[in-house]
Amino acid sequence: MYWLVSAASGPTAYAAAQAVFANGITQLVLLAGLFAFVYHFLNGIRHLVWDAGKGFDLEVARKSGIAVLIAAVVLTGVIASMFTRLGGAA
Amino acid sequence: MNLQNQFRTPARNVAALGSAKSGVHHWWMQRVSAVGVAILGIWFVVSLYCLGGFDYVSVTGWIANPCNAALLVLWVGALLYHSKLGIQVVVEDYFRGATKTVMLVLSTLLHVALAVFGVVAVLRIALSIILGSAV
């Protein structure tokens, strides 16, 4: 939302926002936030599959839980590296 | 069972003990908005990557595209609606009494405000081309 409002407020505001996004601490927070989003996204899909009545026995649920955790780490890394190469504004 | 209870209808026995008609609405809206947020989230990440750079001109140009602007507005709306529903569940589970009420009100106001800020920002960029003002 900050990103959208800064872009709507003109080039000067957008440049200021870009400086904030380029900051090391912001990048760290963004990376943590990205991981949280990806983990929530994948677990959300897991929940939707459960709602459809599939994979809800204990053994499968445990395995899919571990799979989601690993996939979230990998996917976070992929997205982060994709956007770091584009100029670090991820 | 005593005499009085024999004349009670089943409806009287369950009255005011839970929701009727809208019982699963919150739960179901959470799933529907989740699907919307997920699909649009993939679109957002992929399109930003395809954009290739985040300088002012390319970003505002991308947002100004009518299709992108529409999907962005949809995403902002779905995302904050989904977030509002989720935070509501957390607050209802972990807070009691006046604290719970205050937090629910604040959360609702904050979510509506954020959604409006996002939508206004997107629309300002998208409409500035038509209205001719330099953003």
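Predicted model: local features only at pLDDT ≥ 70, side-chain atom pairs only at ≥ 80, totals over all residues.

Tutor: Take Trp43(B) and Phe44(B): their rings make a tilted pair, with 6.4 Å from centre to centre and 50° between the planes. Are these two buried or exposed? Trp43(B) has a relative accessibility of 19%, and the cut-off for buried is under 20%, so Trp43(B) counts as buried. Phe44(B) is buried too, at 14%.

Trp43(B) has another partner, Trp62(B), and this pair is stacked: the centres are 5.6 Å apart and the planes sit at 25°. What does that pair link? It joins distant parts of the chain, since Trp43(B) belongs to helix α3 (residues 25–51) of chain B and Trp62(B) to helix α4 (residues 56–64) of chain B, 19 residues apart.

Chain B puts 30 residues into the contact and chain A 22. Between them they bury about 2200 Å², with 81% of that on carbon and sulfur atoms. On the chain B side, Tyr49(B), Phe54(B) and Tyr56(B) stand out: they supply 32% of the area chain B buries against chain A, more than any other three residues.

How many salt bridges cross this interface? There is 1. Arg31(B) and Asp51(A) meet in a salt bridge through their side chains, at 2.9 Å from N to O. Which elements of chain B give two or more residues to the side touching chain A? They are α3, α4, α5 (66–94) and α6 (97–131) of chain B. The largest share, 9 residues, comes from α3(B). By type, that side of chain B splits into 23 nonpolar, 4 polar and 3 charged residues.

One last stop, over in chain A: Thr76(A), in helix α4 (residues 58–85). Thr76(A) is buried, with a relative accessible area of 5%. Its side chain reaches the backbone oxygen of Ala72(A) at 2.6 Å. Setting aside neighbours within four places in sequence, Thr76(A) is in contact with Leu31(A), Leu34(A), Phe35(A) and Val38(A).

Conventions
Residues numbered from 1 in each chain as written. Chains lettered and ligands numbered in written order. Heavy atoms only, no water. Helix = DSSP H or I, 4+ residues; strand = E, 2+ residues; numbered from the N terminus. Buried < 20%, exposed > 50% of the residue type's maximum accessible area, 1.4 Å probe, protein only. Polar contact = N/O pair within 3.5 Å; in protein donor to acceptor, adjacent residues only side chain to side chain. Contact = heavy atoms within 4.5 Å. Phe/Tyr/Trp six-rings, centres within 6.5 Å; stacked < 30°, edge-to-face > 60°. Buried area = accessible area lost by both parts, 1.4 Å probe. Salt bridge = Lys/Arg side-chain N within 4 Å of Asp/Glu carboxyl O. Nonpolar A, V, L, I, M, F, W, Y, C, P; charged D, E, K, R; others polar.
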